[in-house]
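Subject: Structure for you to look through

Hello,

Here is the structure I said I would pass on. Please open it first, and then read the notes below it.

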Amino acid sequence: MGYSVKIQKAAADRLSQRRLTAKRESDFRREEIFAKLPKAAELEKGIADSGIKAARAVVSGGNVTEVLEGLKRQNLAMQEELERILVSNGYPADALEPQYSCKRCSDTGYYDENGRTLMCSCLKQALTECACEELNRHAPLKLSTFESFNVDLYPDETDSNGVNPHRHMERVVRYCTGYAGSFTPESKSLLMCGATGLGKTHLSLAIANEVIKRGYGVIYVSAPAIIAHYESQMRSRSDTDELLDMATDCDLLIIDDLGSEFINQFSVSHIYNLINSRLLSRKPVIINTNLTMRELEKSYSYRLVSRLNGEAEKLNFFGKDIRIAKKRNN
Ligand SMILES: Nc1ncnc2c1ncn2[C@@H]1O[C@H](COP(=O)(O)OP(=O)(O)OP(=O)(O)O)[C@@H](O)[C@H]1O
Ligand SMILES: [Mg+2]
Ligand SMILES: [Zn+2]
């Protein structure tokens, strides 16, 4: 997919920062090693000098092949001795080289294969990370974690439906922590249903935090926000759209507050297509809603709801509005 110049620059900066850090750390390490092991410094200088000697031999003529062969042997011997000294002093054999995060591209983002320059997977990963961070910059991700989710806020007594909200929510949280901890791009979709203020947004953001930490691309949007986005996209007639591309392609899409958007043909068909395309390509989506299955069916068609029923794990939220409970405790 295509990324905006802003995202490309942010990803390139991220890699060049890694490269700089690796270089800086290796400068420190070299200084430390050379201070402790002067012989290592001498050998490294000898190795560098043999390049100059080789160039001189080529220019001055004579039996160049023989001289070059000799220099090569010397060079190899010096390298072996240098490595021996490093290893016997507890350093890795390549301790004098910068230790890049990505061995394949040395944190440049590109590598050569059979004469072709290819984009490295670490740059692709950085592009996804930067795009998701940018698109999620307004989501209250940091505030909503599993640690800050308190099951004691749910009443520990059987309600009129015969459900003990506390015990039930304990199971829901256990399911969600397991889901986040073992998430893969082939994980199931989730449908979180329940009245207002019961922690649906909180728990889905807690999952998002964990899944992002594990290196996956996650996009969080609310249904009204994505509809507003579709509308402005239609007006601007632009043909590139990071949010919609990422919403379709990311490893995990979270659609919050489904049903709170203004329901009309336009919104229903866009939401339907988005969810349907994720379900068809077996990419997980977490949907949060205050609507019952019957209400969802009325707004978004029987087909979508029956597909969701078949493919998503339904998590019901019970209890009393935690927004109110928290206010009372403050
Ligand atoms: N179990 C919990 N422990 C701690 N804080 C919670 C818990 N559940 C909800 N909250 C907090 O209560 C507030 C409301 O929760 P949240 O927004 O997740 O509810 P919701 O189910 O998404 O409601 P709505 O349907 O209105 O969107 C948030 O500030 C959230 O952090
Ligand atoms: Mg919510
Ligand atoms: Zn790389």
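Does Asp257 count as buried, exposed or partly exposed? Asp257 counts as partly exposed, because its relative accessibility is 34% and the partly exposed class lies between buried, under 20% relative accessible area, and exposed, over 50% (1.4 Å probe, protein chains only).

Some ground rules come before the rest. This is a predicted model, in which local features need pLDDT of at least 70 and side-chain atom pairs count only at pLDDT 80 or more, while totals for chains, interfaces and linings use all residues. Residues are numbered from 1 along each chain as its sequence is written, chains are lettered from A and ligands numbered from 1 in the order in which they are written, and side-chain values use heavy atoms, with hydrogens and water left out.

Domains

The protein chain is assigned domain 1 (5-123) and domain 2 (136-329); such bounds come from an automatic or database domain assignment. The centres of domain 1 and domain 2, taken over C-alpha atoms, are separated by 49 Å.

Helices (H or I, at least four residues) and strands (E, at least two) are DSSP runs, numbered from the N terminus.

An open sheet of 5 strands has the order β4-β5-β6-β3-β7, with parallel pairing. Two strands pair if DSSP finds at least two bridges between them. β4 (218-222) and β7 (312-317) are the edge strands, each pairing on one side only. From one strand to the next, the twist averages 15°; axes are lines fitted to C-alpha atoms, for helices over the stretch in contact, and angles run from 0 to 180 degrees between N-to-C directions.

You can follow the pairs across the sheet in order.

- β4 and β5 pair in the parallel sense over 5 bridges, with Tyr220 opposite Ile254 in β5.
- β5 (residues 252-258) and β6 run parallel and are joined by 4 bridges; Leu258 has Thr289 as its bridge partner in β6.
- β3 and β6 are parallel, with 4 bridges, and Cys193 stands opposite Thr289 in β6.
- β3 (residues 189-194) and β7 run parallel and are joined by 6 bridges, and Ser189 has Ala312 as its partner in β7.

How much of β4 is buried? In β4, 5 of the 5 residues are buried, so the strand is largely enclosed by the rest of the structure. Val218, Tyr220 and Ser222 point one way from β4, and Ile219 and Val221 the other way. Strand β6 (residues 285-289) is mostly covered, with 5 of its 5 residues buried. From β6, Val285, Ile287 and Thr289 point one way, and Ile286 and Asn288 point the other way.

The core

The largest nonpolar core has 48 residues, of which Ile226, Leu253 and Ile275 touch the most other members. A nonpolar core is a set of buried Ala, Val, Leu, Ile, Met, Phe, Trp, Tyr and Cys residues joined through side-chain atoms within 4.5 Å. The largest share of this core, 7 residues, comes from α4. Domain 1 (5-123) and domain 2 (136-329) each supply at least three residues to this core.

Two backbone angles

Asp257, in strand β5, has phi near 55°, a positive value in a residue other than glycine. Ser301, in the loop between α10 (293-300) and α11 (302-311), also has a positive phi, near 85°. Ser301 is partly exposed, with a relative accessible area of 29%.

Regards
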